[in-house]
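I opened this notebook to keep track of what I looked up in one structure, entry by entry. Each entry takes up one topic and spells out the terms it needs.

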There are 4 protein chains.
Amino acid sequence: MKTAEQEDSERIADLVLANRILADQGVVDGFGHVSVRSARNPKHYFIARSRAPALVTADDIMEYDLDDQPIDSRGRTPYLERFIHSEIYKVRPDVQSVIHGHSPAVIPFGASDVPLRPISHMAGFLVREVPVFEIRATGGNETDLLIRNKALGAALAQKLGNATVVLMRGHGDTVVGQSIKTAVFHAIYTELNARMEAEALRLGGKITFLNEIEAAKIGEQFDKLVDRPWEIWKIQALSHAQPAPGP
Amino acid sequence: MKTAEQEDSERIADLVLANRILADQGVVDGFGHVSVRSARNPKHYFIARSRAPALVTADDIMEYDLDDQPIDSRGRTPYLERFIHSEIYKVRPDVQSVIHGHSPAVIPFGASDVPLRPISHMAGFLVREVPVFEIRATGGNETDLLIRNKALGAALAQKLGNATVVLMRGHGDTVVGQSIKTAVFHAIYTELNARMEAEALRLGGKITFLNEIEAAKIGEQFDKLVDRPWEIWKIQALSHAQPAPGP
Amino acid sequence: MKTAEQEDSERIADLVLANRILADQGVVDGFGHVSVRSARNPKHYFIARSRAPALVTADDIMEYDLDDQPIDSRGRTPYLERFIHSEIYKVRPDVQSVIHGHSPAVIPFGASDVPLRPISHMAGFLVREVPVFEIRATGGNETDLLIRNKALGAALAQKLGNATVVLMRGHGDTVVGQSIKTAVFHAIYTELNARMEAEALRLGGKITFLNEIEAAKIGEQFDKLVDRPWEIWKIQALSHAQPAPGP
Amino acid sequence: MKTAEQEDSERIADLVLANRILADQGVVDGFGHVSVRSARNPKHYFIARSRAPALVTADDIMEYDLDDQPIDSRGRTPYLERFIHSEIYKVRPDVQSVIHGHSPAVIPFGASDVPLRPISHMAGFLVREVPVFEIRATGGNETDLLIRNKALGAALAQKLGNATVVLMRGHGDTVVGQSIKTAVFHAIYTELNARMEAEALRLGGKITFLNEIEAAKIGEQFDKLVDRPWEIWKIQALSHAQPAPGP
């Protein structure tokens, strides 16, 4: 049987891959971050130092407690918005991985009052309308939109509730999963579903969305099939990986 | 003269290429599948094991009878929705190849009541309005949208009728051809036609679609010209192919 | 001084590059063709045999007279629609190069009654509304949309008139230039202008297009600057070129 | 401490990279240019000779005074529109770098009366409505749209005012920054914000843009974080760089 230490080694390896895959699939650009809960200590999580996801390596991965204190910082700069991760891990024991990014097709839905809803069965995990976090409700009208502290992180986690995705007005989205692979799957297909819903809306006709039962059933089904796309995403991300230029 | 065995060898080689081409052209992603009827036994068909199309090799190709039983499974996992293929082969003796995928520009038309129609002569094979399969009509309101059994496969085949493409609400599309190359051509240009029709609709003016005679005539013409794009699609797919990472 | 024979050698080299560039820039796919008038004999023109433009080499280039008879066919298959080229060279002595393709953002304008107009100064050569060729006016309602004979070619050339671009309903467009480089420039920026006009239209506000004097002046200016983008298009096309797979 | 000469060497190296990055990110194509003010002599600036940005090397960089006279031309052809740069440097001492290009998603906003506004926090530097330069107001109705002289450059600089971006009707945009990296950041996220605003508009609902305080605060924040995306943009641009074909 796998020890918790072995499990954490695998999670860290997958976390590096997740950074590369999310960048390669266009869900994150120079910004955005992904974390995974520790198996050894479920009140700790792993996340990269402040760096573009496409460049993250195992050496960049840091361990934090749920007060967002680094266990062994070694001078590495943390992400400013790490509170997104800790506050969700606190209230969602089912969640093992959290992704925050600026998913380009999703941001327009966060700024609009038109809801993001599941139009493709690949995004059944959306189930129905995706909640939108308006930072003005908690932080007032004069924030810089960032989740800079635990109070804002807690408010975001509350808005997420039991859902899989929460949109952040003027900012991006946060996506969760019961594993790194599942969270990556959710982040990628949230982006694709947003594109498809926008396309369907502009056709100008009546749209049939997935109903709640359809969405829930197919969402569970795909959560079991994440290894299939992960295999190709991983190969593509590694083949596109850019070595740092020499000295 | 070629024997049926030689013909089947060629079909299997083309089937592997078709998987790679459809992925390279963005018609399938980590999911989707393509099959070809056996020349030796027209009541059998070939299709990959459950795997991302971009990674399919000859070793992944399995043979099935029209009851969807594998001839020599060797422990390989089948696609859950293989019934799409068998049920169409049963009722469409002219069809030699079937493609199912989640063609991104096509899905919005499957969810909308705005019909997909031929606006580009490359997609004359659409002839006129493309039928839409609503799974609720056969499976009720509580399915997971997948074609999980022969009843659903038969209903889909019936909705396809004599057409070349059938849209599947909230899911994707299924495309047929009198050869693998023709089916691939149909799948790729269905996607392109969907993009162009959506663009034309948003211009806001009056649109002139192909009439039925124009569509039928040019559709037949292009069915004879599939080798020209196949040559470049094949070269591109092979040059983009990603080797699996080493051990 | 350069002889006409040397000039023709250079034109053929540029013609091969033009095929590669147009494919690399997405203006042609597996179909489409580009020709150049002969300097030695202005009643002859050069064009590839029937082949995907991305794969055209010097060996594929054939010479035709304006009756579309090949000078030395060597068994190579001609493009079905070569009449587009000959009929334009007949009536437009200023034109040295003709491009026909299925430019994806342009086709929606050919199918819509919303005119394609210059919104970007890069496309000043459009000057004002681009003419649309409706094959039904000449060929009736039962064609296959192709320019299959000299009568249809002549009607298309007449619709082009003194313009630089003519749209072909349900089919594509044809673009001309006073050199290969200029024609390629025109084809690429016609596609980009179509995308930008479609985007501007969907913003929903009032649009200011180039007026005729602005368009004519900047069009002439860019006709002198085609070497600048040609240099980078050429390098990109050659670096993306795919060798044919070995035997 | 760094001398002004050392600082200028670094600025020239970054200027070459900026050319490559802007081309790689699709903000400039065969045209467009970027400049940096000299540290040694703030009344001089550096900019490439007339060449496609993707191909610019250190040998292409020229030095100009604010009368747009080259210091050591060595026969290199200047950009026709260098007046954009000098006139902005004259009236904006805070500006160290200027970018002019034909950013494809931005041009539709320049041609429309729908304002470009910050919808994504990445583009907080837009603060509120982006000014639009209508050349007809200064140059009349018969220009070729180019900034061909100092009078037009001065009018453009005046329209820019204290903003970060000015749109140019029918032409493109001009973007400034307090460093090369910041200007590149501004140019790239202006393009992305334009895409997202256009997408949000087409959803058809009510949109919440960043208010002025949110925009100003997050704009300042990201100006401090430009090294993070610059690292990955640089690696990508260098890895996609195309060597010139051999002799």
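The entries below go from the model itself to a pair of chains and then to single residues.

**Entry 1: the model.** I noted that this is a predicted model, in which local features need pLDDT of at least 70 and side-chain atom pairs count only at pLDDT 80 or more, while totals for chains, interfaces and linings use all residues. Residues are numbered from 1 along each chain as its sequence is written, chains are lettered from A and ligands numbered from 1 in the order in which they are written, and side-chain values use heavy atoms, with hydrogens and water left out.

**Entry 2: where the two chains meet.** Counting as contact any heavy atoms within 4.5 Å, I found 34 residues from chain D and 39 residues from chain A in the interface. Only 6% of the interface residues of chain D are also interface residues in chain A, so the copies meet through different surfaces. For the buried area, which is the accessible area (1.4 Å probe) that two parts lose on being put together, summed over both, I noted about 3,100 Å² between chain D and chain A, 62% of it on carbon and sulfur atoms. In chain D, the residues that lose the most area to chain A are D:R202, D:L203 and D:R228, which together make up 24% of what that side buries.

**Entry 3: charged pairs and the elements behind them.** A salt bridge is a side-chain nitrogen of Lys or Arg within 4 Å of a carboxyl oxygen of Asp or Glu, and by this rule 4 salt bridges cross the interface of chain D and chain A. I looked at the one in which the side chains of D:E214 and A:R169 meet, at 2.9 Å from N to O. On the side of chain D that touches chain A, at least two residues each come from α6 (180–203), α7 (212–223) and α8 (227–240); such helices are DSSP runs of H or I with at least four residues, strands are runs of E with at least two, and both are numbered from the N terminus.

**Entry 4: a residue inside a helix.** A polar atom of the C:T190 side chain lies 2.6 Å from the backbone oxygen of C:H186. Leaving out residues up to four places away in sequence, C:T190 touches C:V106, C:L116, C:F125, C:L126, C:V165 and C:D173.

**Entry 5: a residue in a loop.** I found B:Q96 in the loop between α2 (83–91) and β4 (97–101) of chain B, where B:Q96 is buried with a relative accessible area of 17%. The residues that B:Q96 touches, beyond four places in sequence, include B:R11, B:Y89 and B:G177. B:R11 is 85 residues away along the chain, yet the two C-alpha atoms are separated by 9.9 Å.

How values were computed:
Buried < 20%, exposed > 50% of the residue type's maximum accessible area, 1.4 Å probe, protein only. Polar contact = N/O pair within 3.5 Å; in protein donor to acceptor, adjacent residues only side chain to side chain.
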